[in-house]
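Please keep the sequence and the model in view while reading.

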Amino acid sequence: MITIEWDSLTLKQIPSYYIEQSESEGLDWKNMTLYESELEKTKPRDSEENVKQIQDKLLDKYHWASLGDEGVRISKVLENVNPRDEMKCLQKWVEYLDRRLTFPINAIVSNSESNWLIKRGDKVLIKSLPHIVDMYGIIASVRLRGEKYEFPLCDLEAIDKTKADSQLIGDYRTWFANK
């Protein structure tokens, strides 16, 4: 058996649906394995550098395809943003969520550090998304028992699952967990 790495000319012709399906099934679309008897020796049509550039471009484009429908929505949010540039991704998320969320949002704390004032299971009211912190991502301004706090959005879930806010926050949480 011999593994053949597709050249950049072939990679450019692979249909989107094939790459998306391969990603969602955890399969490799960058190469193929065949028996030696099925091959005919030929000369390379391009350079290894060209192959690497096209692979990287396609990997960025289909980075979230393995996450199914959530991945499709995440890809739309982060279109034209390098998935490895975490701060640009976070900025894009803030812009996207600020335009689409309808504040205030009733939420429940799904995760919390043991020494924080806000605990898992607490019900809070999300008022806004004031800033980003490297370690925790988007920070939400919340109210709990009449007091104002700041808390990571990745650790909050919208209570009303019928509202668009729930899916928007859920998509962000999925992205944050898989970044």
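**A cis peptide bond**

P104 lies in the loop between helix 5 (86-100) and strand 3 (105-109); helices (H or I, at least four residues) and strands (E, at least two) are DSSP runs, numbered from the N terminus. The peptide bond leading from F103 to P104 is cis, with omega near -5°.

The model is predicted, so local features need pLDDT of at least 70 and side-chain atom pairs count only at pLDDT 80 or more, while totals for chains, interfaces and linings use all residues. Residues are numbered from 1 along each chain as its sequence is written, and side-chain values use heavy atoms, with hydrogens and water left out.

**Positive phi angles in loops**

N80, in the loop between helix 4 (68-77) and helix 5, is a residue other than glycine with a positive phi, near 65°. N80 counts as exposed because its relative accessibility is 79%; buried means under 20% relative accessible area, exposed over 50%, and partly exposed in between (1.4 Å probe, protein chains only).

R145 sits in the loop between strand 5 (137-144) and strand 6 (147-152). R145 is not a glycine, yet its phi is positive, about 50°. With 65% relative accessibility, R145 also counts as exposed.

**The nonpolar cores**

A nonpolar core is a set of buried Ala, Val, Leu, Ile, Met, Phe, Trp, Tyr and Cys residues joined through side-chain atoms within 4.5 Å. The largest one has 33 residues, and W93, L97, L153, L156, Y172 and W175 have the most contacts inside it. Helix 5 gives the most to this core, with 6 residues.

Leaving aside neighbours within four places in sequence, L97 is in contact (heavy atoms within 4.5 Å) with L129, I138, L153, L168 and Y172. Apart from this core lies another, of 9 residues, including I14, I19, V51 and L58.
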